[in-house]
Amino acid sequence: MKRVDDFRLKFGKKEYVPLIIGGMGVDISTAELALEAVRLGGIGHISDAMVPDVSDRRFDTDFVKEKTKFYKYNISNSDKSDVKFDLGRLAEATKLHVGRTMEAKQGEGMVFINCMEKLTMNAPRETLQVRLNSALDAGIDGITLSAGLHLGSFALMADNPRFRDAKLGIIVSSVRALQLFLRKTSRLGRLPDYIIIEGPLAGGHLGFGMDWAQYDLATIVAEIAQFMKTEQLDIPLIAAGGIFTGSDAVSFLENGAAGLQVATRFTVSNECGLPAKIKQEYFKASEEDIIVNTISPTGYPMRMLRSTPAIGAGIRPNCEAYGYLLDGNGSCAYINAYNEQIVIHPDGKNISVMDKTCLCTHMRNFNCWTCGSTTNRLKDTTRQLADGSYRTLSAEHIFKDYQFSVDHQIALPD
Ligand SMILES: Cc1cc2nc3c(=O)[nH]c(=O)nc-3n(C[C@H](O)[C@H](O)[C@H](O)COP(=O)(O)O)c2cc1C
């Protein structure tokens, strides 16, 4: 019976354990978590979502305070078009986060950074260009383009001296999205180094509509593998979404995938950035507690726990401090939804916004409990303590369980 460890993910002459811990913003996939994957010979992701805020928390910088102070005059204004990011500061924050992570790196694996195109930051092109190039300048091993089609993202890095040496990949959920991306990037004479195929059971935002349940990962992987064969392209395909055991992983490795990207099982690792109390919510979840809704202002459906505090919260939009989802015109779907409620409740009291949520604020405060579809099974991966709580696990334990387990077994901690 095969184990994940019988396979290797190859990039050029280098070989890796074919396990990638997926990016989880905002600082849910911490540097500590990513670095464990690296130490164990795999690949770990940090995320650049809300990186100025992450930097403030980790490195005692004042990026958010400074921005809030600068735009204080605009706080009660519903027009947020003035609120821009200082590109120099954004570069500084990215370089700090990436640079410090890379300095701490030990082992044979690689650290990648997850960059979501949907973080449009009131100047989509300019901010993405700074984010991508600053990560390259700070020595990141690879960049995973996510949450968007990224048709122009390779071009934004084309002048960077590391454009051809860093590993660059993209997350897609269909052959069509991949075709569009490849058509655009082929003009630069540089193909992606890996393609992550994310199915509908993943955590975070989904690359599907609300009909997500009609799709399945194995079928999409087979379609993309066939397309690659027809086009005579040899790029590692990484399967992601709902892979819970080593045996799940092996079945993808035997059917066209060169590696796996996993995340949900690591949400209850000691190294994961979620606060301890929230990890317990993930452990306790039952199948009925896991829902997919459309409250994210990005327009993508998102999976989360039903009890997530972000649902129905009615806080004032916090764009002066954050503003990561402002489109190029200073609009965000949450601002519109909030303003509709203000018309009904002009005193601003007892406001509950059901349609959309202030995702920046709630992700920042760990109040949007996004999760994968297998979250209800996390309780089966550990031991319950005398007080009824569940023991969190080391990332090493989870990683090795994926790497060495057979027959859908899950090793419990000692
Ligand atoms: C809590 C959580 C947060 C996530 N955040 C992001 C994110 O910020 N960007 C992204 O591209 N994917 C995100 N994902 C998706 C994962 O990186 C990964 O591809 C997917 O969840 C793998 O499926 P699994 O969780 O079933 O193992 C997130 C997943 C989880 C569970």
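Predicted model: local features only at pLDDT ≥ 70, side-chain atom pairs only at ≥ 80, totals over all residues.
Trainee: Why is Arg 303 called buried?

Mentor: The term requires 20 or more other C-beta atoms within 10 Å. Arg 303 has 24, so it is buried. Arg 303 is placed in strand β13, residues 302-305.

Trainee: Which residues is Arg 303 in contact with, leaving aside its neighbours within four places in sequence?

Mentor: Contact requires C-beta atoms within 7 Å. On that basis Arg 303 is in contact with Gly 203, Leu 206, Ile 290, Val 292, Thr 370, Cys 371, Gly 372 and Ser 373.

Trainee: What makes the buried residues of helix α10 lie on the same side?

Mentor: The buried residues of α10, which spans residues 276-284, are Ile 278, Lys 279, Tyr 282 and Phe 283. They cover an arc of only 155° around the axis, and therefore lie on the same side of α10.

Trainee: How do you know that strands β6 and β7 pair?

Mentor: Pairing requires at least two bridges between two strands. Strand β6 (residues 142-146) and strand β7 (residues 167-172) have four bridges, in the parallel sense. Among the residues involved, Thr 144 has Gly 169 in β7 as its bridge partner.

Trainee: What closed arrangement do the strands form, and in which order?

Mentor: Eight strands form a closed barrel with parallel pairing, in the order β3-β4-β5-β6-β7-β8-β10-β11. From one strand to the next, the twist averages 25°.

Trainee: Which residues come nearest to the ligand?

Mentor: There are 30 residues around the ligand, and Gly 22, Ser 146, Gly 203, Gly 204 and Gly 372 come nearest. The elements giving two or more residues to this shell are β5 (110-116) and β11 (259-262).

Trainee: How do the residues of the shell divide into nonpolar, polar and charged?

Mentor: The shell around the ligand holds 13 nonpolar residues, 16 polar residues and one charged residue. In this division Gly counts as polar.

How values were computed:
Residues numbered from 1 in each chain as written. Near = placed C-beta within 6 Å. Buried ≥ 20, exposed ≤ 12 C-beta atoms within 10 Å, placed from the backbone. Arc of directions from axis to C-beta. Axes fitted to C-alpha atoms, helices over the stretch in contact; angles between N-to-C directions. Contact = placed C-beta atoms within 7 Å.
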